[in-house]
Amino acid sequence: MTMLYRTEVTRVGEYAAEALSDNMMILFNDNAPADVADYCFIHPDAPLTGEIIPGANLILGTQSFPITAVGNVVNQNLGELGHITIRFDGGDVAEYPGTVHVQGTCPDALATGTVIIFEMNN
């Protein structure tokens, strides 16, 4: 496995958990605007060391989710802003340019300290 990105949830926005009930989660780094941060899982900035593509994996804590589709600005947004939306619907076409689609059941909750990793299968 080649790690492409690694960070950790440091703050859960007031409304971030509500998105989980809609099978999605929104990530943003520490520089998130205040009005947006309430809806996001906040994490420290981290380097993106490769391109996230379908076939890679998202790791949330101990769970692994195969990536099925990647919007055309995901890599740029994650690298520059730490900001993407993850949809747990197994979609094979990205719904929006900043969305990553993964296969698997969306977690019911995501606590501070949860490690978030994107990795490629080698």
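What percentage of the 122 residues in the protein do buried residues make up? In this predicted model, the share of buried residues comes to 47%.

**View 1. Overall fold of the predicted model.** The protein is built from three helices and nine strands, and these elements follow one another from the N terminus in the order β-β-α-β-α-β-β-β-α-β-β-β. The C-alpha trace spans about 35 × 25 × 25 Å along its principal axes, and the radius of gyration of 13 Å agrees with the value near 14 Å that a compact globule of 122 residues would have. Of the contacts between residues at least 6 apart in sequence, 69% join residues at least 24 apart. The protein exposes about 6,000 Å², of which carbon and sulfur atoms supply 49%.

**View 2. Salt-bridge network of Arg87, Asp89 and Glu95.** Two salt bridges are found in a search of the whole structure. Arg87 pairs with Asp89 in a salt bridge whose closest N and O atoms are 3.6 Å apart, and Arg87 also pairs with Glu95, with the closest N and O atoms 3.3 Å apart. Asp89, at 43% relative accessibility, counts as partly exposed, and Glu95, at 41%, likewise counts as partly exposed.

Technical notes:
Residues numbered from 1 in each chain as written. Predicted model: local features only at pLDDT ≥ 70, side-chain atom pairs only at ≥ 80, totals over all residues. Heavy atoms only, no water. Salt bridge = Lys/Arg side-chain N within 4 Å of Asp/Glu carboxyl O. Buried < 20%, exposed > 50% of the residue type's maximum accessible area, 1.4 Å probe, protein only. Helix = DSSP H or I, 4+ residues; strand = E, 2+ residues; numbered from the N terminus. Rg over C-alpha atoms; globule rule 2.2 N^0.38 Å. Contact = heavy atoms within 4.5 Å. Areas by Shrake-Rupley, 256 points an atom, 1.4 Å probe, with all protein chains shown as cover.
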